[in-house]
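These are my notebook entries on one chain, written while I had the sequence and the coordinates open side by side. I went residue by residue before turning to the chain as a whole.

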Amino acid sequence: GCRAMSARAAVVIVNWGAPARVENCVQSFLASGTAARDIAVVDNAHANRNSDALRSKFDRIEVLSPDTNLGFAGGANAGINWAFKNDYDYIFLANNDLTVNPDTLPPLAAFMDARSDVGIAGALPCYRDTGIPHFMRASINWSRGKPAIEEGEPRDSDAYQTEFATGCSILMRSEALRAAGTFDASYFLYWEDVDLCFRIRAAGYSVMMVPQSRALHDVSGSTGHSSPLTLYYQTRNRLMFFQRHAPSIRTRWWFVA
């Protein structure tokens with residue numbers, strides 16, 4: 001039919017108990033030209049949840065209210081499954097503390113349209129006060145068992161490869177997600193984006209950053225930088241990731257600790 005003429009993108013926003021923040025996020029997409037019917041908010045279970053307020057404020061967006069807190073990974077999957085069901089070609093995944101502008105999505109979609117080998121294209125998430133990217137490119141340092149995240153301005157304006165992109169601002173190809181599988185919900189929070197990028201690349205797609213595409217982002221807005229929750233999931237999931245993906249026995253020494 002006629003919808004094959006241009007690829008359709010859904011926006012999935014995962015929220016956990018931050019009604020004002022998620023409203024600002026939705027507002028930024030609407031102001032940037034995203035149609036309300038293309039936006040799904042996954043409003044995870046939380047004492048502060050008010051899904052009905054979201055529904056009445058934005059009458060045509062989809063608000064999914066799971067019975068439990070699915071975490072970021074499971075919440076993202078609920079939104080991805082909604083997008084699959086509605087035949088979207090691309091899915092833009094956003095944290096609830098992201099603010100997009102009219103130039104965030106179009107360069108990502110144009111890039112994906114032109115490059116069918118790309119499974120994930122990331123927008124650069126930037127500090128709100130300076131506008132400088134806090135995530136420019138990332139790789140895994142296998143011998144130290146740590147991610148190496150570079151921040152700052154990229155050297156050139158063309159899209160470039162990254163081992164993984166951050167789940168706070170990525171455009172994902174539905175076909176690539178169907179091939180590689182969606183997020184692994186056992187990660188719950190943190191590292192699920194790294195794991196997905198590695199599986200997307202194993203399925204034969206590339207993961208790229210598109211520097212023309214930017215968004216403002218509050219780093220660790222939802223959980224706080226060093227809350228016990230953050231430290232627990234960061235540590236547990238780092239081990240889980242390395243156990244699954246570490247290339248050789250040599251890199252596994254730090255599991256013995």
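Entry 1, Trp191. I looked up the accessibility of Trp191 and found this residue buried at a relative accessible area of 6%, where buried means under 20%, exposed means over 50% and partly exposed lies in between, with a 1.4 Å probe and protein chains only. I am working on a predicted model, in which local features need pLDDT of at least 70 and side-chain atom pairs count only at pLDDT 80 or more, while totals for chains, interfaces and linings use all residues. Residues are numbered from 1 along each chain as its sequence is written, and side-chain values use heavy atoms, with hydrogens and water left out.

Trp191 sits in the loop between helix H5 (174–180) and H6; helices (H or I, at least four residues) and strands (E, at least two) are DSSP runs numbered from the N terminus. I also noted the backbone of Trp191, which has a positive phi of about 75 degrees although this residue is not a glycine.

How many residues of helix H6 (residues 192–202) are buried? I found eight of the eleven buried, so the helix is largely enclosed by the rest of the structure. The buried ones are Glu192, Asp193, Val194, Asp195, Leu196, Cys197, Phe198 and Ile200. Just after H6, I found Gly204 with a positive phi of about 100 degrees.

With neighbours within four places in sequence left aside, I listed the contacts of Ala165 (heavy atoms within 4.5 Å) as Ile120, Phe135, Ile170, Asp193, Cys197, Val207 and Met209. Asp193 and Cys197 in that list are also among the buried residues of H6. For Ala165 and Cys197, 32 residues apart in sequence, I read a C-alpha to C-alpha distance of 7.1 Å.

I found Ser206 in strand S11 (residues 206–217), and at 10% relative accessibility Ser206 counts as buried. Not counting residues up to four places away in sequence, Ser206 touches Arg115, Asp117, Val118, Gly119 and Ile120. Ile120 had already come up as a contact of Ala165.

I located Pro147 in strand S8 (residues 146–150), where its 33% relative accessibility counts as partly exposed. Beyond residues up to four places away in sequence, Pro147 touches Ser139, Ile140, Phe164 and Trp191, which brought me back to the residue of my opening entry. I also checked Pro147 against Asn237, which is 90 residues away in sequence and 12 Å away in space, C-alpha to C-alpha.

Asp87 is in the loop between helix H3 (71–85) and strand S4 (90–95), is partly exposed at 47%, and has a positive phi of about 60 degrees although it is not a glycine. Asn81, which I found in helix H3, is partly exposed with a relative accessible area of 43%.

Entry 7, the second largest pocket. I looked up its volume, which is about 310 Å³. A pocket here is an open set of points on a 1 Å grid over the protein atoms alone, where a 1.4 Å probe fits, with protein on both sides within 12 Å along at least five of seven lines, and lining residues have an atom within 4 Å of a point. I noted 18 lining residues, of which Ala9, Gly33, Thr34, Asp38 and Leu105 lie nearest the centre of this pocket. Helix H4 (residues 105–114) gives the largest share of the lining, four residues.

I counted seven helices and eleven strands in the chain. The radius of gyration is 18 Å, close to the 18 Å that the globule rule gives for 257 residues, so the chain is as compact as a globular protein of that length; the radius is taken over C-alpha atoms, and the rule is 2.2 Å times the number of residues to the power 0.38. Of the 257 residues, 50% count as buried.

Notes
Grid points are joined across faces, edges and corners, and a volume is the space filled by probe spheres set on the points.
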